[in-house]
Every structure is written in structure tokens, then in C-alpha cells.
Amino acid sequence: MVIGSRRDILGGVGAGIMLAGMATRASAAPSRKIGYAIVGLGSYATRQIMPNFAGCDHARIVALVSGTPAKLETYGAQYGVPATHRYSYKDFDCIRDNPDIDAVYIILPNSLHAEYAIRAAQAGKHVMCEKPMATSVADCEAMIAACKKAGKKLMIGYRSRFEPYNRLAIDLARSGHVGPTRFITAEHGFPIRAGQWRLDRPLSGGGSMMDIGIYSLNAARYLTGEEPVEVSAVESTDRSDPRFRTVEDRISFLLRFPSGIIANCISSYSSSHNSYRVTGTQGWIDMDPATPYEGQTMTIRKDGVVAPRTLPAPAKNQFAGQLDHLAECILKGGTPIVPGEEGLADMRVIEAIYKSAAQGTSVRIKA
Ligand code: NDP
């Protein structure tokens, strides 16, 4: 894919203005709210996503899907979802007969994303799917094909694209605010607790890279607006640590982009990281932390002067922004700024990273 067309998808200055405009129009022109079915009532769904529908202009929760009847009871009561709109995974396909459901939001363990996205599309519903989009390039392609065939939209939950500091960082980096970008460093990691599906390869598809390292990779891609052409990766995992019997702990990976930009990235399940830096010929743009749920902090060094950069609090946080974005794409027509192709692009690089680490050689990535 050529750089120009990726820029169109990823946005940049123009997209920043567009989203700001959307927020303004939202209050001026209320329309029907898009009904979401939440699929998987785990930690991210119940603590971050569901409460943030309260800040949405165009989206509401209308249905719940869970394998745990007690959760359907509790959250159904809390969010006013009647028993007729509560589903198990077994009767998931019955969402087809519920006209209140416009879209599903898949917040399941990674390896289940593809199956439920495809079943949702076949049931005639639009799809929002959490990152990583799936656990293989083949599954990502099957999801895109299923949504295309059904004529339904597919968006990936890359919430940072709806967060003002990250949007500003994209605009500044791509417009050469600190000169043309030479290097990017991006680091993401946390010490993982034992006893969860993230450490079980059949459910996670991989270790830190699939879960948290993907933020480093995605940031390198959105800050450059380019697709990497070559990757070189080194993995280090203590296989005697019971947490890492089936998945990797640390990966350090280097990406080379067509313009010559080099990104040096970290992914870890045994140390804490959440930052990136864009270094140009005249200074740098620092984000530390870069991609938390809140509290992003930006510092810029330009021509020898270091200064913090602060933005006013947004009218809508990144979660509500993300939920409303798909809703507006459905209501008004349009392609999400983070469509299935965006998840597929990350997955292509992740597969190359794993290959490079396994082979001990750099791997070229096909456009
Ligand atoms: P949790 O373990 O907290 O929740 C996953 C839920 O999936 C479970 O509670 C369960 O819900 C359901 N589930 C169905 N089948 C299984 C199974 N075999 N094993 C375990 N759970 C199952 O995970 P998270 O909420 O942290 O993560 C879910 C997804 O969201 C992942 O893809 C993750 O990468 C993504 N995520 C994204 C974040 C972001 O910032 N964008 C942050 C955190 C996670 P039930 O009982 O209702 O069936």
C-alpha cells in the first residue's frame, strides 16, 4: 500500500479537524443512537467500555453476550438491558433477529475475535473488535472478507486514535514540527500476573507482543503514517518462569520505514513501560505516559528549548470517541479511521517480528 493512501486512512491534521468537527456537530444534530451488543463481560468491557457509553452522543448499549449467567443478570440490571436482549455464546447467532442491535463490540480473548466477528457479520451486524484484531493474518483477512460480503463496517479498538495527545503527536510528527522524523522509540510493557488467558497461547495467540507490544508497533505506524518494510527482532523469555510456558515475555524490535525512519520498540511482560519519543532533526516529541486510559503527558524539545505541551480536557474521552466514531460511520456512511485493514497491517508486522526472532535474521515485509 502506498504511503499516500495510508495517510488517508490514518488521518493526520485533516482527520484531527474532522473529529473535532464531529464532536461539535454531535451536540447540534442529535440522531438515532446506534445500539451495541457487548460480547464478553470481562475487565475491559465492564470497567472501561460500558461505563463510557454515558459520554456518547450516538451510541448506547442494547444487548449483552456472556458465558456467565450471573454477569448477564448483574450488568443487565445495571444497564437496563432486558432479558430478551441477553445472550449466551451458544445463542449468539440469534442476534440476527434483534433489530435493536446495530453493532457488536467483541471484547473476548484474542483467539475468539475472528469467530465472533464473522458470526456477527453473518448475522447482519456491524463489528467493533478489540486489539489485537485476531491471532493471525489469515483470520484478519477472513474477518475483513466476511464484513465486506455482509456490507457491514469493521473497526478495531485502537482507542489512542481518539485521544487528543496522540492525535496531536501524529499531526506534529507528520508535519515535521521538530524537523523530519529520524527515529522513533516506543516502549510498552507491564509485569503480568499468573493465571490468566493472556498466558495461554491457544487463547492469546502469543505473549506480550500480541497484548501490549502492539501499542509500540501501532504507535510507530501511526506516528510515521508509513508501513515498515523490514523488521529485526530479538526475544528473551525465561521458560522456567511458570508464566511463560507457552508465550513470550520480552521482545525488542526494530522497524525500517520506506522514508528511512527507524523505530526501536520494546514489548514486555516483566517490566513497566508506556512511552514513545519521536526524534526529528530539530528536537523531539515525548509522550510519557503515551497510551494509558488517562493522563497522557507530552513534552517537546525544539531548537534547544524543552517545554511541556498541555491540551484542554476533551469534551469526549477516548472510549466515548471511539464508540461514537463507529456509530457515526454507520449513521452517516463512511469508513472508520481504524478499519479492519489497520488491524491486519499490525498483524502482518507481528508475524514478521515472530519470524525474525525465531530465525535470528531480519525479515522483509511485503507491501
Ligand atoms: P478479561 O479476561 O477480563 O475478559 C475476557 C472475557 O471474555 C471474560 O470475562 C469472559 O466473559 C469472556 N470469555 C469467553 N470465553 C473465554 C475464555 N475461554 N477464557 C476467558 N474468558 C472468556 O480480558 P480483558 O477484558 O482484559 O480483555 C479482553 C480483550 O480486550 C482482549 O482482546 C484484550 O486485548 C482487549 N483489551 C483491550 C484494551 C484496550 O485498552 N484497548 C485493554 C484491555 C483489554 P464472560 O464471562 O462474560 O463470558
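User: How far apart are the centres of domain 1 and domain 2, taken over C-alpha atoms?

Analyst: The centres of domain 1 and domain 2, taken over C-alpha atoms, are separated by 25 Å. Domain bounds come from an automatic or database domain assignment; here domain 1 covers 6-159 + 319-339 and domain 2 covers 160-312 + 346-364. The contact between them takes 31 residues from domain 1 and 31 residues from domain 2, where contact means heavy atoms within 4.5 Å. A word on the basis: this is a predicted model, in which local features need pLDDT of at least 70 and side-chain atom pairs count only at pLDDT 80 or more, while totals for chains, interfaces and linings use all residues. Residues are numbered from 1 along each chain as its sequence is written, and side-chain values use heavy atoms, with hydrogens and water left out.

User: Which residues have the most contacts inside the largest nonpolar core?

Analyst: A nonpolar core is a set of buried Ala, Val, Leu, Ile, Met, Phe, Trp, Tyr and Cys residues joined through side-chain atoms within 4.5 Å. Buried means under 20% relative accessible area, exposed over 50%, and partly exposed in between (1.4 Å probe, protein chains only). The largest such core here has 109 residues, and Tyr 36, Ile 38, Leu 223, Phe 253 and Leu 255 have the most contacts inside it. Helix H9 gives the most to this core, with 10 residues. Domain 1 and domain 2 both give residues to the core, so it lies between them. As for Leu 223, its contacts beyond four places in sequence are Ala 169, Ile 170, Ala 173, Arg 174, Ile 184, Tyr 276 and Val 278.

User: How should I read the open sheet, and what is its strand order?

Analyst: Strands of a sheet pair through backbone hydrogen bonds, either parallel or antiparallel. Helices (H or I, at least four residues) and strands (E, at least two) are DSSP runs, numbered from the N terminus, and two strands pair if DSSP finds at least two bridges between them. This open sheet has 9 strands in the order E14-E13-E12-E11-E7-E10-E9-E8-E15, with mixed pairing. Its edge strands are E14 (305-309) and E15 (363-364), each pairing on one side only. Within the sheet, E12 (residues 283-287) and E13 (residues 298-302) run antiparallel and are joined by 5 bridges; Asp 286 stands opposite Thr 299 in E13.

User: Which strands do helices H9 and H11 touch?

Analyst: For the angles, axes are lines fitted to C-alpha atoms, for helices over the stretch in contact, and angles run from 0 to 180 degrees between N-to-C directions. Helix H9 (residues 208-224) packs on the sheet and touches E7, E9, E10 and E11, with its direction making about 160° with that of E10. Helix H11 (residues 340-359) also packs on the sheet, touching E8, E9 and E15, and its direction makes about 60° with that of E8.

User: Which way do the residues of strand E1 point?

Analyst: In a regular strand the side chains alternate between the two faces of the sheet. In E1, Ile 34, Tyr 36 and Ile 38 point one way and Gly 35, Ala 37 and Val 39 the other, and all are buried. With 6 of its 6 residues buried, E1 is largely enclosed by the rest of the structure. E1 pairs with E2 in the parallel sense over 6 bridges, and Ala 37 stands opposite Ala 63 in E2.

User: Where are the cis peptide bonds, and what is the phi of Asp 303?

Analyst: Most residues other than glycine have a negative phi, and most peptide bonds are trans. Here the bond from Lys 131 to Pro 132 is cis, with omega near -15°; Pro 132 sits in the loop between E5 and H6. The bond from Asp 288 to Pro 289 is also cis, with omega near 5°, and Pro 289 lies in the loop between E12 and E13. Asp 303 is not a glycine, yet has a positive phi of about 50°. Asp 303 belongs to the loop between E13 and E14 and counts as exposed, at 56% relative accessibility.
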